[in-house]
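Here is a friendly walk through one protein model, from its inner spaces to a few backbone details. Keep the 3D view open and follow along.

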Amino acid sequence: MRSDTGQVFKLEDYRPCDYLIPETDLTFRLDPDRTIVVAQLSIERRDGARAAKTPLVLDGDGLELVSLEIDGAPVSGDDYTVSPDRLSLHAPPAARSFTLTVTTRLAPAGNEALMGLYRSNGVYCTQCEAEGFRRITYFLDRPDILSVYTVRIEADRGSAPLLLSNGNPGETGPLPDGRHFAVWHDPFPKPSYLFALVAGDLAVVKDRFVTRSGRPVELGIYVEHGKQGRTAYAMDALKRSMIWDETVFGREYDLDVFNIVAVSDFNMGAMENKGLNIFNDKYVLADEDTATDADFANIEAIIAHEYFHNWTGNRITCRDWFQLCLKEGLTVYRDHEFSADQRSRAVKRIAEVRLLKGHQFPEDQGPLAHPVRPRRYREINNFYTATVYEKGSEVVRMIRTVVGAETFRQGMDLYFERHDGEAATVEDFVRAFEDVSGQDLSQFFLWYQQAGTPNVTAKASYSAADKELVLEIEQSVPPTPGESRKRLMHIPLAFGLVGPDGADMGWDHVEGATVKDGVIHLRKRKHRLRFGGIAKRPRLSLNRGFSAPVTLSVEEKRADRLFLARHDGDLYGRWQALNTLLVDTLIRSARHIRGGRDAVLPEDLVALCGDIAADDALEPAYRALALTLPSEADIAREMGSNIDPDAILAARTLLVQAIAHAHGADFEALHAEMSQAGPFSPDAESAGRRALKNVLLDYLAARGADAAPAAQHYAGATNMTDRAAALAVLVNRHAGSAETMQALADFERSYRDDPLVLDKWFQIQAAAPGPETLEAVRALAAHPAFSVANPNRLRALVGTFSSANQTGFHRADGEGYRFFGDIILAVDRKNPQVAARLATALRSWRSLEPERKAVAREALLRLASADGLSVDLRDIVERTLA
C-alpha cells in the first residue's frame, strides 16, 4: 500500500510525458502466491521531447522487481533505481526507441485491496482504474499513454480453464505440467487503466450480435457455475444497448468478441475494459426469485453504461484524470437516455433527479464540494463522485438543451470524428458543439469549472389590464471550499405558463432575456422578463424536466403550487410541485415537533395524495413515485441546518399515517387492483404496478399495529420484488413483532447460500429507522455471513446504515458514529478505496443540531488521529474536517 506523501496533483501542472509506449506485450504466469509478469515495453521518445538523457520514471505500487532488460541485455544496477513504488532509468538509450523488459512478481491471493491483479473465489481478476495497473508492473500509468496490447496468459488448466483478456482471441495450447496458455490481442490503442485479465473456472452463456454493417460479434457472459440461468436479462440488455447506440449515436461495435465477466468481490459496479467488461455480479445476475425490479433496472442501465464506454471512454479516453467527467458524465447521460427510451421517460427523469438531489447536492453543499472537472486532487479514487458522474451528465444534458437535439447529434459526430483514438479534454468536447452550432459556450463552460449548486429565485406578477406577465429571476452561486467568489452561469430554464384549464398558454412577445423553444437562457445575475399578450393569469411552471441542476425558489401562492401538482402538463413539473409541498410541510412539522408543538398535517395536501393515487390517467410507476414521501435525508438536506433526525422521522411518520387513515379504503381497493397480475415480467409497466402496490402496502401497514396483512403479503409473494418489499414493511412498521421475526428468519434460511439475496436481508434491517437499529446492526456485524473484506456485504450493512438511516446513524449519544469509525478503520487496513467512500457519509456533519454536531466532530477527529491511515481515507477525513 502506498504511503501518504501529501502530494497534491493540479490540473495546471499537466505536461505531456517525454516517453510513449506504443506497444505492450505482457506474459502472465499465474500462481496464487507467486505470479510472474513479464512486460515487454516498446519505448519511444515523444517528438519534441527534452534531451535524450531525460530519465524514464515508471510508476509502481507495492511491486517486487525480478529483472530488468533493455533490448534483451540486463540493465546494470548502477543505471536504475527501484523501489516498490517507482522504477527510474537514469540514462535511457540514446536511440529514439528501445525495448524495455520488466519482470515482476505478485501475490494475487493476498491482494485484499482488490486493485491490480487479485484472486477471489478461485478466480484471477484485475481492476486497473484508476491506478491499479502499476500494481501489476512498472509502467507509465497515466491515461494519455495509449498502447496496443498483446497478452499471453499461462495457468493451471484444472483451476483456470478459462483465460481471458482484452481484444480478440489468438493462439491457445497446452504447456507442460498440466498448464496451458492463451494469447489475446487488442488492435486499438488504450491506456493502462483499461487493461483486463480474468482466469478461472467459470460457466459461460453465449450469444451473437450482427452489427448494422453486417459484421458478426460473439457475445459471452461468464458467471459462477450454476448461475447461467440468471444472465438472460443482462444479455438482452446488452443486445438492446448495441442496437440503441447504432441507432441514436451511430456507434458500431468494433471487435470480434464482447465478453462480460461477473465476480463477487469488486470495488465498483462494473468496469469498461475494452472488449472485456468486468462486473460486480449484482449487476449481471437476475431472475424473478432473486432480483427486485430495481435490480433489473440497474442491470439494464449499467450493462448499457459499460457498453457505451466503448466509444465514450475507450475509443476516446481522458487526457488526464482531471477529465474524468469526459467519459463518466457523458456516458451516464447516454445510459440515462437509453433507459428513458426503454422505460417511462418521465418516471426515469424523476428518479434521476431524486438521485442527484440525494447524493450530488449534499456533495456540492459540503466540505467535499468540487467542480465537475476538479482542478486538484490528492487521491484520484476519491473523485469517482456524484458530481463527476451525475452532475457531469446534467451538464451534457444542458448542452443538448442549449444547442438543440439535432445540433447536439452533429456535435457528437464531430467529436467522434476528431478525437477517435485520442486522449481528449473537456475543452475538446465542448469545442465540437461550438463549431457545429456557431455559439460561444465560454460562459456555459463554467458548469465544468465551478463547484456548487446555483440558486435561482423567481417571482411573477400579472397585469390583467396590460395582459402582461412580468417574471423576475435572479441567480447566485454559494461559496464552496477554495472558491469564495463565483462567476455568473449560463442557466437554461425550461418553462411553461399554465392556464386555468391546465393547458400551456402562448404569448405575443417577450423581452428581457433570450427565450427559445420553451427555454429561458439566464446569463446575467438578474433578468426581468415581460411576456405580452396573455389573456388570463397563468401559473408559472419553471425548470421543467429539471433542465438545469439548480435549487429553485419561486415566490408563489400555495394554491398555485397545488394547482400545478394537479394539472401541470409537464409530468416532472407536476411531481416537483407536489414534492415541494411535501418537503415544506415536513420541514415545518419537524420544527414544530422539536419545539414541542403539534405536527403540521394540511388536509388539502393529504387529499391531493389520495387524488394522485386514484388518477388512472397517470401510469402506476409515476403514482408510486409521487406517493413516496421525501426521505429523512431529503428533508434534512432541504432544512440545511440545525437538523434533528428524530424530529424529522416523527414528522414523516405522522404524515404517512394521516394519508393512510384518510384514504385507507381507497388504498385497499387500489392495492387489490394492482395485485391482479399475470406471470412475472420485468418490463416497465409490470414493474410500475408492483411499485404502486408495494407503496400502498406500506401506507396500509402504517395505519395500526396489525402485522398480519404484511406477513400475508410476504408469505404469498411470488417474486423477490414483493417479498423484499413486504419484509421491509414488516421491519419498518412492525419491528419486533412475531410476524417480523418469523419473516426475517425465513428469509435468512431461504437465501443464506445466495450472497446477493442475503445482502438484501442485511440492507433491509440496516435501513430500519430509529435509534435502536444500531444494536441490530452491531449484531449483524458479528453475523458469520458478514465480512469487511466483501465490498457488497459491507455496503449492504454499513453503507446502508450510514447513508439511509438518519436516526440510527446520527444517534444523539454518538454511538452510531463510534461503531461506524471502528468499521472504517478495520476496512481501511484491507481496502482503502471502499473505506474512503464509506467515510463520505459524514460529509454533512456541520448541518446537524449542536449536540450531534459535537459528537460527529469527535468521531472525525478520532479517525484523523488514527495511525497508518491510507491516502484515500486521510484525504476524505481531512477535507471533511477542513
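Let's start with Lys 467, which is partly exposed at 44% relative accessibility. Please bear in mind that this is a predicted model. To find Lys 467, look in the loop between strand 25 (455–463) and strand 26 (468–476). Its phi is positive, about 50°, although Lys 467 is not a glycine. For background, most residues other than glycine have a negative phi.

Leu 114 is another non-glycine residue with a positive phi, here about 60°. Leu 114 sits in the loop between strand 9 (97–106) and strand 10 (116–120). Is Leu 114 buried or exposed? With a relative accessible area of 6%, Leu 114 is buried, because the cut-off for that label is under 20%.

The next stop is a peptide bond. Most peptide bonds are trans. The one from Glu 129 to Ala 130, however, is cis, with omega near 5°. Ala 130 belongs to the loop between strand 11 (123–127) and strand 12 (147–156).

## A loop aspartate and its contacts

Asp 31 is in the loop between strand 2 (19–29) and strand 3 (35–45), and at 30% relative accessibility it is partly exposed. Which residues does Asp 31 contact, leaving aside its neighbours within four places in sequence? They are Pro 108 and Tyr 124.

## Two cavities

How many cavities of 30 Å³ or more does the structure hold? There are 2. The largest cavity contains about 70 Å³ of space. Its lining is made up of Arg 354, Lys 357, Gly 358, Trp 575, Asn 579, Pro 630, Asp 634 and Arg 637. By type, these residues are 4 charged, 2 polar and 2 nonpolar. Helix 4 (345–364), helix 10 (571–594) and helix 13 (632–639) each contribute at least two lining residues, and the largest share, 3 residues, is from helix 4.

The second largest cavity has a volume of about 40 Å³. Around it are Cys 325, Leu 326, Leu 330, Val 396, Val 426, Phe 429 and Tyr 448. This lining has 7 nonpolar residues, with no polar and no charged ones. Helix 3 (324–342) and helix 7 (426–437) each supply at least two of the lining residues; helix 3 gives the most, with 3 residues.

## Nonpolar cores

The largest nonpolar core has 163 residues, and those with the most contacts inside it are Phe 28, Leu 100, Phe 195, Tyr 415, Phe 429 and Tyr 448. Helix 5 (residues 386–403) provides the largest share of this core, 8 residues. A second, separate core has 116 residues, including Ile 350, Ala 636, Ala 660 and Leu 881.

Not counting residues up to four places away in sequence, Phe 429 touches Leu 326, Leu 330, Val 396, Ile 399, Met 412, Tyr 415 and Tyr 448.

## Aromatic pairs

Across the whole structure, a search finds 42 aromatic pairs. In one of them, the rings of Phe 296 and Phe 680 have centres 5.9 Å apart and planes at 40°, so the pair is tilted. Phe 296 lies in helix 2 (residues 293–308) and Phe 680 in the loop between helix 15 (664–674) and helix 16 (684–701), so this pair ties together parts 384 residues apart in sequence. Phe 296 is buried, with a relative accessible area of 4%.

Trp 507 and Phe 531 form an edge-to-face pair, 5.1 Å centre to centre with 75° between the planes. Trp 507 is in the loop between strand 27 (491–498) and strand 28 (509–511), and Phe 531 is in strand 31 (residues 526–532), 24 residues apart. Trp 507 is partly exposed, with a relative accessible area of 30%, whereas Phe 531 is buried at 0%. Elsewhere, ring pairs link Trp 244, Phe 249, Tyr 253, Phe 258, Tyr 307, Phe 308 and Phe 338 into a cluster.

Methods: Residues numbered from 1 in each chain as written. Predicted model: local features only at pLDDT ≥ 70, side-chain atom pairs only at ≥ 80, totals over all residues. Heavy atoms only, no water. 1 Å grid on protein atoms, 1.4 Å probe; cavity = no way out; pocket = protein on both sides within 12 Å on 5 of 7 lines; lining within 4 Å. Points joined across faces, edges and corners; volume = space filled by probe spheres on them. Helix = DSSP H or I, 4+ residues; strand = E, 2+ residues; numbered from the N terminus. Nonpolar A, V, L, I, M, F, W, Y, C, P; charged D, E, K, R; others polar. Core = buried A, V, L, I, M, F, W, Y, C linked by side-chain atoms within 4.5 Å. Buried < 20%, exposed > 50% of the residue type's maximum accessible area, 1.4 Å probe, protein only. Contact = heavy atoms within 4.5 Å. Phe/Tyr/Trp six-rings, centres within 6.5 Å; stacked < 30°, edge-to-face > 60°.
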